[in-house]
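Subject: Structure handover

Hi,

Here is the structure I promised to pass on.

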Amino acid sequence: MMLAARDIRYAYRGRPVLSRASLALRTGELVCLLGVNGAGKSTLLRILLGLQRPDHGAVTLDGAPLAQWGRRQLARRVAYVPQMHIAPFPYTVLQVALLGRLPANGMFKAPGAADLDCVRGVLEQLGISHLADRVYTRISGGERQLTLIARALAQEARLLVMDEPLAGLDYGNQLRLRDRLERLAADGYGVLMTTHDPDQPLSGCQRVVLLIDGGIAAEGPPAEVLTPEAIYRLYGVRVDLLRTSDGRGIAFRPSESQQSLLFSGLRRPVIAAAQERKTGFCVEERRMK
Ligand SMILES: Nc1ncnc2c1ncn2[C@@H]1O[C@H](COP(=O)(O)OP(=O)(O)OP(=O)(O)O)[C@@H](O)[C@H]1O
């Protein structure tokens with residue numbers, strides 16, 4: 001299954017946001033979309049989902065224009081996990097996840113035993129069965145994010161489009177959620193996520209896509225695309241690349257000239273050193289040319 005946006009152009013109040021953006025998501029891959037604040041990442045996701053119309057270009061699912069798919073047909077193939085979600089009522093986690101069965105049942109059919117089985121299975125798959133009866137508004141941000149993913153999986157959609165799923169999560173929840181997303185891709189789901197942290201996509205993601213100046217500036221395997229030069233082009237900061245000898249563990253740290261500016265980056269060499277101790281891999285440094 002493939003969701004594809006081709007040559008998308010979109011302007012908001014006369015200001016170009018997307019000028020020539022093309023992006024595809026296939027089942028079985030985890031794709032990370034990177035871009036600065038206001039680059040148009042969320043806009044591109046909304047256009048991909050058919051929630052916003054582009055001024056130019058086309059979005060297709062399995063080769064057919066989105067408009068040819070009914071809303072329910074589409075919802076059973078593509079699910080959206082928004083960045084912010086405020087539940088209007090104090091639903092339980094189980095009830096929020098059951099909302100994912102709406103496209104299958106329609107508005108007027110109450111969920112039955114098969115729907116409950118499906119949702120309980122999904123909660124188990126995501127490791128959150130213990131939260132089923134907890135009130136959604138009174139669980140942590142990470143648990144809410146997993147609940148929204150459960151709702152998406154209950155839709156039985158194979159393609160998941162997620163807007164900054166890792167934002168606001170503590171380090172442990174980020175690692176656990178990354179692990180879940182990687183496993184979903186390994187299980188045959190297609191996952192597209194936006195992120196602000198170039199360290200995030202480096203493990204378990206098949207493809208990173210860089211959105212710069214309204215277009216796709218580069219895309220490909222993280223180790224090939226995420227170079228110090230690309231980070232400078234994206235964010236305007238100079239970084240050094242730390243890479244373990246097997247090429248799997250990769251992290252960026254601010255170059256010396258940048259370190260006084262980027263206090264938060266100081267933790268990264270510590271993480272890289274910890275990884276080195278744990279894995280025994282030697283860490284290679286690559287400075288920006
Ligand atoms: N409906 C809208 N209302 C307000 N601004 C919009 C709208 N649609 C697009 N824009 C503008 O389009 C630009 C891109 O916004 P978008 O939210 O897509 O960027 P983003 O890359 O997701 O940013 P961030 O990383 O900060 O979330 C912004 O300048 C935004 O103001």
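Below is what I found, going from the overall layout to single residues.

First, the ground rules. This is a predicted model, so to speak of a local feature I needed pLDDT of at least 70, and side-chain atom pairs count only at pLDDT 80 or more, while totals for chains, interfaces and linings use all residues. Numbering starts from 1 along each chain as its sequence is written.

**Overall layout**

The protein has 11 helices and 13 strands. Both are DSSP runs numbered from the N terminus: H or I with at least four residues for helices, E with at least two for strands. Of its 289 residues, 35% count as buried. Buried here means 20 or more other C-beta atoms within 10 Å of the residue's own; exposed means 12 or fewer, and partly exposed is in between, with C-beta atoms placed from the backbone. Looking at contacts between residues at least 6 apart in sequence, 65% join residues at least 24 apart. A contact is a pair of C-beta atoms, placed from the backbone, within 7 Å.

The domain assignment gives domain 1 (1-77 + 157-221), domain 2 (85-155) and domain 3 (227-289); such bounds come from an automatic or database assignment. The contact between domains 1 and 3 takes 10 residues from domain 1 and nine residues from domain 3. On the domain 1 side, strand 9 (207-212) and strand 10 (215-220) each supply at least two residues. By class, that side has eight nonpolar, one polar and one charged residues. For the classes, Ala, Val, Leu, Ile, Met, Phe, Trp, Tyr, Cys and Pro are nonpolar, Asp, Glu, Lys and Arg are charged, and the others, Gly among them, are polar.

Which residues surround the ligand? They are Y12, V17, G35, N37, G38, A39, G40, K41, S42 and T43, where near means a C-beta atom, placed from the backbone, within 6 Å of the molecule. The shell has three nonpolar, six polar and one charged residues. Helix 1 (residues 41-48) gives the most to this shell, with three residues.

Helix 1 is mostly covered, with six of its eight residues buried: K41, T43, L44, L45, I47 and L48. Just after the helix, G50 takes a positive phi of about 80°.

**Helix 5 and its cover**

Helix 5 (residues 113-125) has 13 residues and reaches 18 Å from first C-alpha to last, close to the 18 Å expected at 1.5 Å a residue. That expected span is 1.5 Å times one less than the number of residues. Its buried residues include C118, V119, V122 and L123. These cover an arc of only 135° around the axis, which puts them on the same side of helix 5; the arc is that of the directions from the helix axis to the C-beta atoms. As background, an α-helix has 3.6 residues a turn, so residues three or four places apart point the same way. The face of helix 5 turned away from its buried side carries the exposed residues A113, A114 and D117.

What covers the buried residues of helix 5? The cover includes helix 3 (93-98) and helix 6 (141-154). In helix 6 sits A150, which is buried, with 28 other C-beta atoms within 10 Å. Leaving aside neighbours within four places in sequence, A150 is in contact with A97, V122, L123, L126 and I128. After helix 5 comes G127, with a positive phi near 75°.

**A few loop residues**

D62 is not a glycine, yet has a positive phi of about 50°. D62 is in the loop between strand 4 (56-61) and strand 5 (64-65), and is exposed, with 10 other C-beta atoms within 10 Å.

E164 also has a positive phi, near 45°, and is a residue other than glycine. Its loop runs between strand 7 (159-162) and helix 7 (171-186). Is E164 buried or exposed? With 22 C-beta neighbours inside 10 Å, E164 counts as buried.

Finally, T92 is in the loop between strand 6 (78-81) and helix 3. T92 is partly exposed, with 17 other C-beta atoms within 10 Å. Not counting residues up to four places away in sequence, T92 touches A132, D133, R134, V135 and Y136.

Cheers

Conventions:
Two residues are in contact if their C-beta atoms, placed from the backbone, lie within 7 Å.
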